[in-house]
Amino acid sequence: KGKCPEDGWDESTIELFLHELAIMDSNNFLGNCGVGEREGRVASGLVARRHYRLIHGIGRSGDISAVQPKAAGSSLLNKLTNSVVLDIIKLAGVRTVTNCFVVPMATGMSLTLCFLTLRHKRPKAKYIIWPRIDQKSCFKSMITAGFEPVVIENVLEGDELRTDIEAVEAKIKALGAESILCVHSTTSCFAPRVPDRLEELAVICANYDIPHIVNNAYGVQSSKCMHLIQQGARVGRIDAFVQSLDKNFMVPVGGAIIAGFNESFIQEISKMYPGKASASPSLDVLITLLSLGTSGYKQLLKERKEMFSYLSSELKKLADSHNERLLDTPHNPISLAMSLKNLDENNDVAVTQLGSMLFTRQVSGARVVPRGAIQTVNNYTFKGFMSHANDYPCAYLNAASAIGIKKQDVDVFLKRLDKCLKASGKESKKEKGVNEISNSDAGTEQLED
């Protein structure tokens with residue numbers, strides 16, 4: 001039926017299934033005689049076994065989704081993977097999605113592929129409207145495609161950074177709809193930035209007849225992000241949304257899913273991919289989803305949501321105990337932020353030192369964001385880089401509850417963060433005291449002079 005099984009398969013069943021697919025590829029035929037330049041020959045047995053002898057990759061030179069006659073098994077693997085992934089996207093909340101395909105590139109390059117496909121539809125366009133998010137790959141995806149990003153600064157509402165809808169519309173009017181390739185919005189992001197106002201952006205795109213591409217990098221795991229995409233498509237226009245395989249399905253980095261509501265446009269994107277492609281990302285995600293089944297994936301989504309609530313409540317307690325606060329970002333369903341005002345006020349470098357301390361104590365993924373950092377990306381200079389705003393009111397620390405996180409991860413993180421904050425606090429006070437003594441000495445010297 002091309003759907004993800006409700007109950008996961010055991011490993012031996014999955015391996016049997018993959019071996020059956022592999023013997024449909026010509027390189028595995030007994031007595032095969034290959035005289036071309038691409039015959040699925042592999043020198044290393046270890047490499048062959050790692051890929052289950054599915055060596056031909058996917059697609060043909062003109063279309064990544066096309067069937068390759070001498071690789072019937074690999075082609076079937078590709079079709080089944082896309083079908084199973086489509087089933088999971090519907091299960092996760094985007095019920096009206098019509099088509100998707102797995103592409104063997106991470107999210108940034110997959111976004112670039114979407115923009116390059118739109119180039120042929122809008123030959124006069126040179127700009128992409130982009131509500132600011134301080135993440136390099138989504139910014140570089142526009143530059144790599146040859147377009148000029150038009151950065152729309154976010155507006156501060158309470159602690160949250162939200163989409164400036166009025167600024168987006170004003171910029172469209174100023175530049176002219178024909179000169180704009182698309183609006184490039186974001187769902188999953190680091191707090192205190194929250195998902196873009198997708199419904200309002202989708203309505204604007206529909207009104208001005210401008211395409212809308214959504215960066216949904218790690219949004220499949222969030223029912224809220226998926227609901228925003230579903231609603232945006234219902235009330236306005238969303239042409240494609242792109243999500244990472246590794247962040248949403250716990251597989252190695254290297255693949256993404258491009259999905260949308262217009263089947264022919266998604267096919268156009270797949271035809272834009274030059275040449276054949278590696279089957280590894282498709283193979284990884286198919287094995288994973290067959291082993292989990294829909295019930296296993298639903299359970300992971302449920303556990304992630306529960307851990308988000310737990311992380312939120314425990315991080316709030318820890319913040320209070322250090323005279324800090326958990327920033328109020330109710331519209332962000334994955335990421336949390338805790339202020340670091342005391343460290344920032346006492347010592348300029350204490351904030352970045354905290355990040356180093358956490359990393360050396362094997363805490364990965366926590367981001368420490370100082371105020372006023374300046375970063376240049378492809379000749380564009382961002383003030384307050386990493387905080388998604390020129391001047392966010394305070395320094396802060398990020399932590400996220402992503403799919404696969406366990407209670408033990410949260411508990412160990414909080415314990416180590418507590419120790420690091422205590423150590424940083426002592427160092428800051430010590431340094432502040434030294435500065436005050438040296439300042440008073442300097443004052444005395446001036447009086448004596």
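Which residue's side chain meets that of D209 in a salt bridge? The partner is R237, with N and O 2.9 Å apart. Please keep in mind as we go that this is a predicted model. In general, side chains of opposite charge can pair when their charged atoms come close. A search of the whole structure turns up 17 salt bridges.

Now zoom out to the domains. The domain assignment divides the chain into domain 1, covering 56–292, and domain 2, covering 297–431. To the contact between them, domain 1 brings 39 residues and domain 2 brings 40. The C-alpha centres of the two domains are 28 Å apart. Together, domain 1 and domain 2 bury about 3400 Å² between them, and carbon and sulfur atoms account for 64% of that area. On the domain 1 side, three residues stand out: D134, D159 and Q221 supply 19% of the area that this domain buries against domain 2, more than any other three residues.

One of those three deserves a second look. How many salt bridges does the rule find across the interface of domain 1 and domain 2? There is one. D159 forms a salt bridge with R325, and the closest N and O atoms of this pair are 2.7 Å apart. If you count polar contacts between domain 1 and domain 2, you reach 20 residue pairs.

Which elements build the side of domain 1 that touches domain 2? At least two residues each come from the helices α3 (72–91), α5 (136–144), α8 (223–235) and α9 (245–249), and likewise from the strands β3 (148–152) and β5 (160–162). Helix α5 gives the largest share, four residues. By residue class, this side of domain 1 holds 22 nonpolar, five polar and 12 charged residues.

Next, the annotations. An unreviewed UniProt entry lists R60, S61, Q68 and K276 under "binding site". These four span 217 residues in sequence, yet no two of their C-alpha atoms are more than 9.6 Å apart, so they gather at one spot. To find R60, look in the loop between α2 (45–50) and α3.

The unreviewed entry also lists R234, R361 and K426 for "binding site". Here the span is 193 residues in sequence and the farthest two C-alpha atoms are 53.8 Å apart, so these three do not all gather at one spot. R234 itself sits in helix α8, a helix that also supplies at least two residues to the side of domain 1 touching domain 2.

Finally, the backbone has two details to check. Most residues other than glycine have a negative phi, and most peptide bonds are trans. Against that background, the peptide bond from A191 to P192 is cis, with omega near 10°. P192 belongs to the loop between β6 (180–186) and α7 (198–208). The other detail is M386, a residue other than glycine whose phi is positive, near 90°. You will find M386 in the loop between β13 (380–383) and β14 (396–400).

Methods: Residues numbered from 1 in each chain as written. Predicted model: local features only at pLDDT ≥ 70, side-chain atom pairs only at ≥ 80, totals over all residues. Heavy atoms only, no water. Domains from an automatic or database assignment. Contact = heavy atoms within 4.5 Å. Buried area = accessible area lost by both parts, 1.4 Å probe. Salt bridge = Lys/Arg side-chain N within 4 Å of Asp/Glu carboxyl O. Polar contact = N/O pair within 3.5 Å; in protein donor to acceptor, adjacent residues only side chain to side chain. Nonpolar A, V, L, I, M, F, W, Y, C, P; charged D, E, K, R; others polar. UniProt positions renumbered as here; feature names shortened; annotations may be inferred.
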